[in-house]
Amino acid sequence: MSDDLIQKLLQAEQTASKKIREARAYRTKKVHAAKVEAIQEIKLLRDEKLKEFENYKKEKLGSTEEQTKENNKKTEIEIQKIRKQAQINQNQVVDLLIKTVLNVDTQMILDQNKKLKH
């Protein structure tokens, strides 16, 4: 009788061990499947967000080529403005230089010479 009880306990223990192994295998399989699914979802979400970002970037900034063309246009306009301004002011600058060179204060030069001699 006690041998039958021991056999039943051993058999119950083996059955419990088998169920535990099956449960662990099932859990491992589920965890692996969940990881694979999560990686796929992350990839899809990442691709979607990258597309959204590229669209946003194109919308807000335009393409690099378009920006370069626009910047070149703006630069050329600014250069033309500066050239016009220089042309307008050229005569005034020449006149000012001539006045400055020709109108030398001789008294100041004499005073400086006196100071140097002492």
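In which helix is the place of Leu-116? Leu-116 sits in helix 3, which covers residues 106-117. Helices here are DSSP runs of H or I with at least four residues, strands are runs of E with at least two, and both are numbered from the N terminus. The model is predicted: local features need pLDDT of at least 70, side-chain atom pairs count only at pLDDT 80 or more, and totals for chains, interfaces and linings use all residues. Residues are numbered from 1 along each chain as its sequence is written, and side-chain values use heavy atoms, with hydrogens and water left out.

The protein chain holds three helices and zero strands. Read from the N terminus, the order is α-α-α. The C-alpha trace spans about 140 × 50 × 15 Å along its principal axes. The radius of gyration of the protein chain is 46 Å, whereas a compact globule of 118 residues would come near 13 Å. This radius is taken over C-alpha atoms, and the globule rule is 2.2 Å times the number of residues to the power 0.38.

Of the 118 residues, 0% count as buried. Buried means under 20% relative accessible area, exposed means over 50%, and partly exposed lies in between (1.4 Å probe, protein chains only). The accessible surface of the protein chain is about 12,100 Å², and 58% of it belongs to carbon and sulfur atoms. Areas come from the Shrake-Rupley method with a 1.4 Å probe; for residues, only the protein chains shown count as cover.

Helix 1 runs over residues 2-61 and contains Ile-42. Ile-42 counts as exposed because its relative accessible area is 56%. Its C-alpha lies 38 Å from that of Glu-70, 28 residues away in sequence. Glu-48 is also in helix 1. At 43% relative accessible area, Glu-48 is partly exposed. A C-alpha separation of 86 Å divides Glu-48 from Lys-117, 69 residues apart along the chain.

Helix 2 takes in residues 64-102, 39 residues in total. From first C-alpha to last it reaches 54 Å, close to the expected 57 Å. That expectation is 1.5 Å times one less than the number of residues. A kink of about 45° is centred on Asn-89 in helix 2. The bend at a residue is the angle between axes fitted to the seven residues ending there and the seven starting there.

In helix 3, Leu-116 is exposed because its relative accessibility is 70%.
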